[in-house]
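Trainee: Could you take me through one part of this model in detail? I would like to look closely at the nonpolar core and then at what surrounds it.

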Amino acid sequence: MKTVIPDRLQEFFIGFTDEFEVKVPVLTTEGERVFASPFDGPPALSGGALAAKPTAVFFPQQDGVISIGSEGLLHASSAKPLFVAGFTPRDLLCLRFIDRFFAEGYRDDIYFSRRKGALIAAVSGFSGASGGFVPLSGGACDLEFVFDGAVWIVVPYSEPGKRIAARIPDDAADDALAALLEKSGGCVDEDAAIIQAASKLLLNEMVPDRFWDSVAESCIQCTGCNLVCPTCTCFGVQDWRYPDRVERSRMWDSCQLEGFMREASGHNPLGTEGLRTRRRIHHKLAADRTKWGEISCFLCGRCDAACPTGIGIVAVSRMIVERFS
Amino acid sequence: MARTTSPAEELLYNPCEAEIISVADLTPDEKLFSLRMTDNRPLGHLPGQFVQLSIPGYTEAPISVASSPTRTGFFDLAIRRAGTLTAEMHRKVPGDTVGIRGPFGSSFDLTAFQGKDLLLISGGCGLAPLRSLIQYCQDCRDEFARVAVIYGARNPDALLFKNDLAEWRNSPAFDCSVTVDNVSGGDCFYGSVGLLPALIPPLEVIPKNTIAVVVGPPPMYRAVIEELKKKGMASSRILLSLERQMRCGVGKCGHCTIEHLYCCTDGPVFRLDQVEGVRGAI
Amino acid sequence: MKRTFTVCPYCGTGCMFYLLSDGNRLVGVEPSRNHPVSRGGLCVKGWNAFSFVGHPDRLTVPLVRKDGELVPVSWDEALARVVSGLRSVQGRYGKDSIMFASSAKATNEENFLLMKLARRVFGTNNIDHCARLCHSSTVVGLAETFGSGAMTNSIDCIDKADLIFVIGSNTTEQHPLIGTRIINAAKRGAKLIVADNRVIRLARHADSHLRHKNGSDVALLSGMMQVIISEGLENRAFIDSRTEGYHEFAESVREWTPERAASFTGLSAAEISDAARQYAAAGSAMIFYSMGITQHTHGVDNVRCIANLAMLTGNVGREGTGVNPLRGQNNVQGGCDMGALPDLYSGYQKVADPSVRLKFEKAWGGALLPATPGLPLTLAMNAAARGDLKGMFIMGENPLISDPDQAHVLAALQSLELLVVQDIFLTETAQLADVVLPAACFAEKDGSFTNTERRIQLLKKAVEPPGEAKADWEIICGVAAAAGFYGMKYENTSGIMAEIASLTPIYAGVSHRRLPLAGLQWPCTDADHPGTPILHRERFSRGLGKFVPVTYRPPAETPDDAYPFVLTTGRTYFHWHTGSMTRRTHLLDREENRAFVEMNPDDATKLGIKGGERAVVSSRRGEITVFTKLTDVVPPGVLFMPFHFAEGAANALTNNELDPESHIPEFKVSAVRVRRAG
């Protein structure tokens with residue numbers, strides 16, 4: 001079994017920076033954990049989900065689409081593939097969901113320009129907020145860093161993941177990992193039952209519009225719920241005119257904004273606050289379930305943490321279940 | 001723009017250049033543009049599909065193709081001046097180039113139309129997407145049984161494709177009726193005055209052998225559908241083309257979703273039974 | 001990817017966030033969970049604050065007007081032109097014939113330097129900034145009653161308050177994260193009273209919503225205080241031990257029975273009594289107010305009433321209490337603190353005080369500093385219109401859109417012999433300038449901003465400015481050098497802060513080194529001082545709190561047959577002031593991309609006006625065409641218009657009548673009429 005002690009993590013990740021653009025959770029001087037280069041500081045793998053959405057690595061808030069200049073359409077040059085360590089197992093589910101979203105039908109080449117060839121490492125074990133236990137992902141990534149309380153057990157899954165792990169000497173018996181796997185099997189998330197129940201109520205149209213209107217009273221349209229959500233993929237497009245070129249870029253958009261669906265004619269399918277609040281929850285719990293066969297909220301907790309008035313998806317789902325079951 | 005694109009990857013968001021061949025006024029607010037791809041390839045669309053019209057500096061807008069693929073060497077876009085992009089388009093003249101992405105979206109299932117009576121109903125600018133189908137019917141007349149074109153607008157000024165309407169009215173191939181909500185004193189107008197749905201009850205419809213296509217502004221759908229249902233038309237035989245604010249055209253940007261449906265990829269052409277129970281669709 | 005922890009450029013709430021850059025340009029924002037104000041959240045403007053920075057419209061080179069056209073020139077030429085222009089005007093018309101307009105968008109360091117440039121280099125106290133238009137009434141009113149014209153308490157106090165009284169503040173739109181704290185307080189059971197005749201979002205969470213008539217605040221507050229006194233609900237112990245002037249004050253409100261107040265406010269007597277009882281009964285009650293209180297010809301009186309009400313019930317100097325003016329701009333508190341005011345040096349030290357002048361003279365190289373207070377911004381504009389002021393140096397303000405009576409402002413600016421504008425975009429005002437100096441924006445420079453709760457926070461550079469643009473402080477130092485003054489050379493902005501600290505007692509303990517993460521709340525009087533979250537704890541800044549009697553005065557212009565509507569102006573959630581940044585931010589401009597007027601549907605029906613169509617709104621000053629928005633948010637007889645839109649400038653209509661003490665214009669009440677366009 002391969003392990004890395006916490007003190008050696010920085011050195012470990014720096015070891016891959018020639019080959020990859022490495023991104024790991026790093027503690028800033030303000031005490032925030034953010035994705036950064038291992039050169040920026042010692043990795044802070046523990047602490048649970050990062051505040052920002054990890055999928056921003058592949059789908060950043062603002063991104064170039066095309067540059068239309070005197071020489072026609074311009075495209076930029078290549079960079080190293082990404083090695084991103086720090087996805088929680090729930091984040092991996094989000095990533096899998098949007099990988100599929102961006103691939104199916106028309107393939108979004110902008111997303112895959114970063115995503116393709118990227119190595120994904122999950123973080124689990126006793127690595128949650130305040131040392132809480134995070135059940136192992138057991139796959140769906142290239143490798144996983146599992147904290148047993150003292151050392152990081154490195155579990156490779158894919159071939160590229162194995163090549164990473166191969167750089168670590170074998171230094172421990174496999175028992176520790178087996179125990180952590182067993183512990184993972186026994187983990188039950190109460191919130192999962194809540195959003196499943198809320199999803200069912202929404203699909204059965206048991207949630208009246210006056211409920212959405214009442215929730216919307218507290219929404220100030222900050223758009224944070226969408227912007228921190230790893231499975232939110234909506235974007236807007238802008239053109240900037242320079243003397244010699246036009247740069248077209250796309251940026252995260254939000255269905256909580258009145259202008260999101262407003263058409264040039266003035267017709268707006270999401271014309272009320274209540275409809276927009278409904279869309280935010282309904283899309284994840286009902287519409288995506290119909291389209292993709294699964295709820296697209298994987299309980300990462302970010303919108304509930306970022307919402308300034310406490311109406312994130314789990315909070316609202318709980319209200320739905322309490323009132324309409 | 002720092003991003004990597006492997007040569008193998010198709011560049012989804014890059015428009016292709018098209019040249020404006022001609023521009024004609026349709027109404028005070030609408031113009032008809034004929035274009036061709038500058039590399040002379042056919043657009044490759046089917047009736048009912050749309051393109052993303054791209055003007056550098058003004059982003060993009062979804063525009064239905066208003067001509068039939070049977071008419072080659074060009075394609076038509078009827079564009080109402082509504083926002084900054086369409087206003088800029090209205091300033092364009094023949095010889096100017098614009099960007100085109102697409103064609104995108106679902107089309108009318110022409111094989112299912114074979115041998116059927118067609119009721120082609122449109123209101124306002126809904127005639128633009130339907131014109132593609134009407135022209136197709138004109139060019140492949142033998143593929144269909146009876147074809148009725150029913151069109152309504154607010155007033156005579158707002159009628160699109162007045163020349164086409166005149167041609168269709170005089171054509172033995174079609175049964176073409178036109179109505180306007182109001183006329184005022186000076187209008188020269190030869191059709192009926194009244195709301196579009198009122199044109200449906202007098203029609204002779206054989207529900208099992210008829211396909212109805214309805215395209216128009218949102219309020220029109222409910223009234224027209226109600227009349228069609230009274231005629232015994234099943235939802236699976238009624239087709240709609242829905243308009244939403246498609247920004248990408250390829251099911252990614254999220255601006256055109258109707259519950260679980262993406263208007264740009266699942267639509268814009270839907271069978272009524274696909275959208276009947278879907279909130280906000282019609 | 002580079003991350004820079006810095007301060008949001010928009011409102012006075014003072015959220016901090018990370019700006020993300022790809023090493024070259026900004027690509028996003030990440031909120032901070034640990035920051036005491038942001039707590040992991042941001043509003044929509046904050047989330048998009050990176051967006052305008054790289055906009056192609058940014059100014060990149062200095063411009064000088066030649067043959068009527070603004071043409072690019074070198075920095076040396078531009079600065080020489082500025083100095084020779086200002087000197088020439090002063091030489092012909094006197095030292096005080098020029099005006100410096102500082103900026104609540106610029107840092108503390110930059111405000112301090114412009115103040116120094118005006119006083120030390122150009123020998124005039126004619127310096128002011130847009131606080132004149134927003135909270136000058138607060139500075140005057142609270143300085144008189146409490147001794148300090150700033151928010152008494154901290155944002156965190158909202159979590160502790162039993163009752164929150166919001167008057168004249170659309171908090172969820174103008175200070176969104178503070179607004180959310182108030183919503184959360186209401187949800188946990190704190191009482192919420194909202195006094196505003198628009199149905200703002202907070203009103204939907206309120207226990208009482210008082211829709212009093214525009215400009216009747218003195219009547220409403222006096223009525224409440226009359227009820228408190230007549231029912232014996234006042235806090236005797238507090239009044240006796242902490243205040244003075246009570247009896248004269250109590251006498252002055254005696255006539256304000258709730259019935260009388262009702263007749264002035266349009267409320268019922270019961271609504272007024274009930275609000276008074278709730279406020280007086282709360283163990284701890286916070287008052288929040290903003291422009292709805294200050295922007296009146298009786299703005300100072302409004303503020304006095306609020307201070308009186310808080311003292312009457314002992315709601316000052318404790319957690320969860322206080323008088324809390326919400327400062328609009330991200331650094332309007334700092335602009336005032338730094339002495340970008342005609343009568344005050346930094347830290348509210350009086351220009352008229354010889355010992356203060358002596359201190360600054362010593363520090364700044366001996367020359368005598370001017371002793372007479374200068375012109376407030378609004379009076380300077382009037383002076384220019386009269387031909388008494390001939391030169392203006394405007395840093396980061398756009399008065400052609402933001403100041404009252406646009407025709408008057410245009411005439412004033414056009415009459416100048418020299419107009420210098422230093423800004424990040426070619427604003428409507430800059431288009432009139434003789435010299436335009438391209439400035440770095442918030443993301444391109446270091447410094448500090450002071451938020452509404454007096455929290456001094458560190459601004460950090462995330463990307464390089466475009467082209468030859470420079471930080472405002474560098475430009476100011478360049479002007480000083482071009483003028484032959486060598487006492488304004490700084491390595492960096494922390495050096496400027498050291499000078500500020502050495503001359504400003506309330507900032508004496510502040511240094512950039514001490515500011516990371518959460519900053520410091522002034523007063524911070526020495527290097528070990530932890531800062532002051534709550535003012536007036538044991539004693540008021542002036543010793544005893546002073547009750548000041550107030551006499552009701554109606555607004556300067558009230559509706560009549562010719563102009564039957566009350567127009568009240570303000571801002572919306574998605575835009576910022578004159579829109580130079582937000583209208584260049586795709587998502588924000590998409591949300592609101594045209595000038596509009598809010599109108600009650602009943603009024604619209606009477607006038608035959610439909611929603612979404614164009615209407616002509618006119619006042620005695622001017623006429624504009626805007627789109628209508630029919631909504632019950634405004635009561636019949638009242639129109640609301642934001643001033644963000646140059647193409648439908650609300651300030652073409654507003655009334656340039658000023659409060660006699662603070663010289664704030666009455667943006668909140670003017671008389672207009674409206675008709676369908678075309």
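Mentor: Happy to, and do keep in mind that this is a predicted model. The largest nonpolar core holds 411 residues, and those touching the most other members are Leu120(B), Val213(B), Ile164(C), Met224(C), Ile306(C) and Leu639(C). Helix 14 of chain C, residues 299-312, supplies the largest share of this core, with nine residues. Let's zoom in on Met224(C): leaving aside residues up to four places away in sequence, Met224(C) touches Ile272(C), Ala275(C), Ala276(C), Tyr279(C) and Leu309(C). As a general point, nonpolar side chains in soluble globular proteins tend to be buried together.

Staying with chain C, have a look at its open sheet, where three strands run in the order 1-2-3 with antiparallel pairing. Strand 1 and strand 3 of chain C are the edges, each pairing on one side only, and the twist averages 30° from one strand to the next. Between strand 1 and strand 2 (residues 16-21) of chain C there are six bridges in the antiparallel sense; Thr4(C), for instance, stands opposite Leu19(C) of strand 2.

Methods:
Residues are numbered from 1 along each chain as its sequence is written. Chains are lettered from A and ligands numbered from 1 in the order in which they are written. This is a predicted model: local features need pLDDT of at least 70, side-chain atom pairs count only at pLDDT 80 or more; totals for chains, interfaces and linings use all residues. A nonpolar core is a set of buried Ala, Val, Leu, Ile, Met, Phe, Trp, Tyr and Cys residues joined through C-beta atoms within 7 Å. A residue is buried if 20 or more other C-beta atoms lie within 10 Å of its own, exposed if 12 or fewer, and partly exposed in between; C-beta atoms are placed from the backbone. Helices (H or I, at least four residues) and strands (E, at least two) are DSSP runs, numbered from the N terminus. Two residues are in contact if their C-beta atoms, placed from the backbone, lie within 7 Å. Two strands pair if DSSP finds at least two bridges between them. Axes are lines fitted to C-alpha atoms, for helices over the stretch in contact, and angles run from 0 to 180 degrees between N-to-C directions.
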